[in-house]
Amino acid sequence: MPLNLEDYAARQQALCEVNDAIPDALFQEYGVNRGLRDHNGVGVLTGLTRISNIVSFRLEKGKRVPCEGQLYYRGQNVKDLIANLGPDEFGFERVAYLLLFGQLPDKQQEEEFTAILGSCRTLPTNFTRDVIMKAPSKDIMNSMTRSVLTLANYDSQAEPGGLDNSIRQCIRLIAEFPMLAVYGYHAYNHYENDQSMYIHRPDPTLSTAENILQMLRPDRSYTKMEAKALDTALILHMEHGGGNNSTFTTRVVTSSGSDTYATMAAALSSLKGPRHGGANLKVIQMMRDLKEHIPSLTDKDATEDYLRKLLNKQAFDRSGLIYGMGHAVYSISDPREQVLRSFVKDLALEKGRRDDLTLYENIEELAPKLIAESRPIYKGVSPNVDFYSGFLYELLDIPLELYTPLFAIARIVGWSAHRIEELVGMGKIIRPAYMSVTR
């Protein structure tokens, strides 16, 4: 009989589903928290860090009470970091320095670090042609992962070596990630969509946000407001408390003694999952479906009816979820969403998208109330950063394929900071325990 792997795998699926299933009661019996989160959704403590901190609860008479969310980078409130930037200043480079080295740079340190990043915005000779353009993929995260692993072959000091070597590699990858993402998209768009391809070189005198926009667009043009909004989004996505999936992956792989390239490839693979970095895509897909089912973007009653159908598993993907609402850590508010909202509002008005903005604002008002009516709420429900980030990227004419790669362009700064901290202070392989059960 001819052998067919697909048929064989489909037949064997039933065995796996039977023999790998573990009853919920056993997790409770042995006190094991699935997903390393307790029944309240609080992460199990697995390490210590100086890099960032999330505040979503406060203690009152010994009880945890939900509060307005706050995010701190090295003890600095991220809202203040953004608010303290001048109207013509970009903050990605300054905040990256803070996360990597533990303190805000003075003017000279910031200029030196920015110049270093600018000088590293190059790829090895013919790398774009020989690696990025070969076997282009619609999944730009996979393309980036392949590129990162291949870059190790061009580094004569690819092995971990001393701490300074890892710092060097992290800085170079921070500078190179925008090129890996944008060039990967252009290759896909040309070879798979039969569109024109253009490869614009980065300008070492421009900020990271400006370079992304000028490399992405055919005419290299962008407005100051567009670049400022993207810069803000990158800052807000740089780091998030250390316990998120991709950052934990960074810690785990680093603890094994692996090199920087393998570590960042693993982090990319973690981030691409729809439960992590791909969440804003779901918001955009939900919004597009909503627009097809309501008579007007500003019709609040029709919007409310659609949201009820979402919760009742009667609309969109029938998951029962309103995407962009709620967060694993935050309760009353997500500070990143609060900051991003103001930039989205200004950009939407500049681009004549007032009705779209009204739709988002109506959902932001209605969804938490409807969710609270339909199910028990223990810590509050509010919009998360994904609710507006997809709309922002849409306003910037960024293709869907680059939404998660943009997250990676920002988050590699946090990954790098955690890799460095792991190398400096931990010195032990991360090896949790699993209990074998037969019931």
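Colleague: What makes E1 and E2 a pair, and which way do they run?
Modeller: DSSP must find at least two bridges between two strands. Here 8 bridges join E1 to E2, so the two count as paired. They run antiparallel.

Colleague: What should I know about the model itself?
Modeller: This is a predicted model, with residues numbered from 1 along each chain as its sequence is written. Local features need pLDDT of at least 70, side-chain atom pairs count only at pLDDT 80 or more, and totals for chains, interfaces and linings use all residues; side-chain values use heavy atoms, leaving out hydrogens and water.

Colleague: What is the strand order, and why is one side of E1 and of E3 left without a neighbour?
Modeller: The order is E1-E2-E3, in an open, antiparallel sheet. E1 (52-60) and E3 (76-77) each have a single partner strand, so one side of each has no neighbour in the sheet. A strand here is a DSSP run of E, at least two residues long; a helix is a run of H or I, at least four; both are numbered from the N terminus.

Colleague: Which turn residues take a positive phi?
Modeller: Lys-61, near 55°, in the hairpin of E1 and E2. Arg-74, at about 50°, in the turn between E2 and E3. The E1-E2 hairpin has 2 residues between its strands, and the E2-E3 hairpin also has 2.

Colleague: What does Tyr-73 do in the largest nonpolar core?
Modeller: Tyr-73 and Phe-177 touch the most other members of this 113-residue core. H8 gives the largest share, 14 residues. A nonpolar core joins buried Ala, Val, Leu, Ile, Met, Phe, Trp, Tyr and Cys through side-chain atoms within 4.5 Å. Beyond four places in sequence, Tyr-73 touches residues including Ile-51, Val-78, Leu-98, Ile-235 and Met-238.

Colleague: Why is Ile-212 called buried?
Modeller: Buried means under 20% relative accessible area (1.4 Å probe, protein chains only). Ile-212 has 2% relative accessibility, so this residue is buried. Ile-212 sits in helix H9. Leaving aside neighbours within four places in sequence, its contacts (heavy atoms within 4.5 Å) are Pro-178, Val-182, Leu-230, Leu-234, Leu-406 and Ile-409.

Colleague: What lines the largest cavity?
Modeller: Ala-181, Val-182, Ile-212, Leu-216, Ile-398, Leu-402, Pro-405, Leu-406 and Ile-409. H8 (163-191), H9 (208-216) and H18 (403-425) each give two or more residues to the lining. H18 has the largest share, 3 residues. The cavity holds about 40 Å³. On a 1 Å grid over the protein atoms alone, a cavity is where a 1.4 Å probe fits but cannot get out, and lining residues have an atom within 4 Å of a point.

Colleague: How many polar and charged residues are in that lining?
Modeller: None of either: the lining has 9 nonpolar residues, no polar and no charged.

Colleague: Which residues lie nearest the centre of the second largest pocket?
Modeller: Val-32, Asn-33, Leu-36, Ala-433 and Tyr-434, out of 20 lining residues. About 600 Å³ of space lies in this pocket. A pocket is an open set of points with protein on both sides within 12 Å along at least five of seven lines.

Methods:
Points joined across faces, edges and corners; volume = space filled by probe spheres on them. Nonpolar A, V, L, I, M, F, W, Y, C, P; charged D, E, K, R; others polar. Buried < 20%, exposed > 50% of the residue type's maximum accessible area, 1.4 Å probe, protein only.
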